[in-house]
Amino acid sequence: MTDAVAAIPEETAPVPLLEPREGLPPVVVDERVLAETIAAFAAGSGPVAVDAERASGYRYGQRAYLIQLRRSGAGTALIDPIACPDLGALGSALADTEWVVHAASQDLPCLAEVGMRPRRLFDTELAGRIAGFPRVGLGPMTESVLGLSLAKEHSAVDWSTRPLPEPWLRYAALDVEVLVELRDALERELDAQGKLGWALEEFAAIADAPRPAPRVDPWRRTSQLHKVRRRRQLAAVRELWQARDRTARERDVSPGRVLSDAAIVNAALAMPQSVPALQAVQGFGPRVNRRQLEQWLAALDRAREIPEAELPPATAPHDGPPPPRAWAEKDPVAAARLSGARAAVTELAEARRLPAENLITPDLVRRVSWEPPAAATPEAVATALRALGARQWQVDQVAPAISAAFVKAANGTAQG
């Protein structure tokens, strides 16, 4: 790090952050208090710190169960989005304000669900990555940059609990207590490193990004799916996954609490044909009642009845290049381009002190390596990367190095 953000000396213990400065505010649970909160935050000044707590691992989906805000002149607010599900008026009141969020990709979707979408933001986690901090969680960042320690013992609790315990609320309030101060320190650090423009481009891209399209074949994200080779067994995974998803949605619980991924894969590999045989499969033991067992067995029966031509393909459909492990056989020149480009990006990232995946998305490197421009000049590579969605700062950094790697790969193949 530069002198702009002086490292906290190792012998200096961080100062624990234990209480919100103005005390713990009551949770906003009715429209009258919400209107007062909106007015207070609209009248505040400077950026607004925003955070959200979900019930990952407990509830179905990723909805917010608590939203925390802090702004100069308004203090801290804790809002219950279950009691106040439409926060569009709050989002509108803060529309022209910069939002300070830590790990925006995690919180923005659930905030959008209640009507809150930023036009401008500063992501302190992404800022830390670009600035080269080795640990970018909110706790480590607050400690290394500000010399303050945040307790994180309530980070994985069930935030759908009502009423929320006071220690949890205190933890939540403290998450936004110094977020704006962290933002200011990171802005100075990025500016000192000559990277502030890079970060601002990234933040703008996040704020302007459209909502992601629904994932194709989400069941293929089942962990340990690589163990399943036969298409009939893949169909069994799909049927079990879909049955589990319906049950989880109806019960509003995390799918993993209904049936584990490991159990799904085990059943698909074994393909049992009776309740006793299913009970013998790991993950379907004596704790699973007969009605549930019959539900899973019915899913396996459906998989058995699917006509051969309608079974899912062995690999997921995709519009990109093949897996890199297959390149050497399919196109040795492309494999050489990819190897050279990856090495060049890694070297650049190390020199600029940021993760390679933030310097340029690995998928973009694969795509431009598989289908390079006809003439691999820096300008042509830059044009190709921009067309694929790379930000201008990324293009400026990597296009010359990738171009050189492509030329070297072509020359090496020709000489070989």
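**Aromatic cluster.** I started with the rings and found that Trp159, Trp168 and Tyr171 form one aromatic cluster. A word of caution to myself: I am looking at a predicted model.

I placed histidine 154 in the loop between β8 (148-150) and α6. Is histidine 154 buried or exposed? With a relative accessible area of 15%, histidine 154 counts as buried, because the cut-off for buried is under 20%.

**A cis bond.** I looked for cis peptide bonds and noted one between arginine 162 and proline 163, with omega at about -5°. Proline 163 belongs to the loop between β8 and α6.

**Another aromatic pair.** I then asked how many aromatic pairs the count comes to. The count is five. One I wrote down in detail is tryptophan 327 with tryptophan 370: their ring centres are 4.8 Å apart, and the planes make an angle of 50°. I file that pair as tilted, because only planes under 30 degrees apart count as stacked and those over 60 as edge-to-face.

Where do tryptophan 327 and tryptophan 370 lie? Tryptophan 327 is in helix α14 (residues 327-330) and tryptophan 370 is in helix α17 (residues 362-370), so their pair ties together parts 43 residues apart in sequence. Tryptophan 327 is buried at a relative accessible area of 0%, whereas tryptophan 370 is partly exposed at 22%.

**Alanine 173.** I found alanine 173 in helix α6 (residues 166-175). Alanine 173 is buried, its relative accessible area being 0%. What does alanine 173 touch? Setting aside residues up to four places away in sequence, I listed Pro20, Leu24, Thr76 and Leu78. I also took one distance: from the C-alpha of alanine 173 to that of valine 253 is 26 Å, and the two residues are 80 apart along the chain.

**Strand β4 and its neighbours.** I put the pairing of β4 and strand β5 (residues 75-79) down as antiparallel, over five bridges. These two strands make a hairpin with two residues between them. In the turn I noted glycine 73, whose phi is positive at about 90°.

Then I looked at the pairing with β3. Strand β3 (residues 45-54) and β4 run antiparallel and are joined by eight bridges. As an example I wrote down aspartate 51, whose bridge partner in β4 is glutamine 68. How many residues of strand β4 are buried? I got eight of the nine in strand β4 (residues 64-72), so I call this strand mostly covered.

**The largest pocket.** I moved on to pockets. The largest one has a volume of about 1800 Å³. Its lining is made of 47 residues, and Gln62, Ser105, Pro109, Pro212 and Arg215 lie nearest the centre.

Which helix gives the most to the lining of the largest pocket? It is α3, with eight residues. I also listed the helices that each supply at least two lining residues: α3 (104-113), α4 (124-131), α8 (196-208) and α9 (231-251). Sorted by class, the lining of the largest pocket has 21 nonpolar, 18 charged and eight polar residues.

Last, I looked for positive phi in residues other than glycine. Aspartate 217 has a positive phi of about 50° and is not a glycine. I found aspartate 217 in the loop between α8 and α9, and with a relative accessible area of 25% aspartate 217 is partly exposed.

Methionine 271 is another entry, with a positive phi near 50°. The place of methionine 271 is the loop between α11 (261-270) and α12 (275-279). Is methionine 271 buried or exposed? I wrote down buried, at a relative accessible area of 15%.

Terms used: Residues are numbered from 1 along each chain as its sequence is written. This is a predicted model: local features need pLDDT of at least 70, side-chain atom pairs count only at pLDDT 80 or more; totals for chains, interfaces and linings use all residues. Side-chain values use heavy atoms; hydrogens and water are left out. Rings of Phe, Tyr and Trp (its six-membered ring) pair if their centres lie within 6.5 Å; planes under 30 degrees apart count as stacked, over 60 as edge-to-face and the rest as tilted. Helices (H or I, at least four residues) and strands (E, at least two) are DSSP runs, numbered from the N terminus. Buried means under 20% relative accessible area, exposed over 50%, partly exposed in between (1.4 Å probe, protein chains only). Contact means heavy atoms within 4.5 Å. On a 1 Å grid over the protein atoms alone, a cavity is a set of points where a 1.4 Å probe fits but cannot get out, and a pocket is an open set with protein on both sides within 12 Å along at least five of seven lines; lining residues have an atom within 4 Å of a point. Grid points are joined across faces, edges and corners, and a volume is the space filled by probe spheres set on the points. Ala, Val, Leu, Ile, Met, Phe, Trp, Tyr, Cys and Pro count as nonpolar, Asp, Glu, Lys and Arg as charged, and the others, Gly among them, as polar. Two strands pair if DSSP finds at least two bridges between them.
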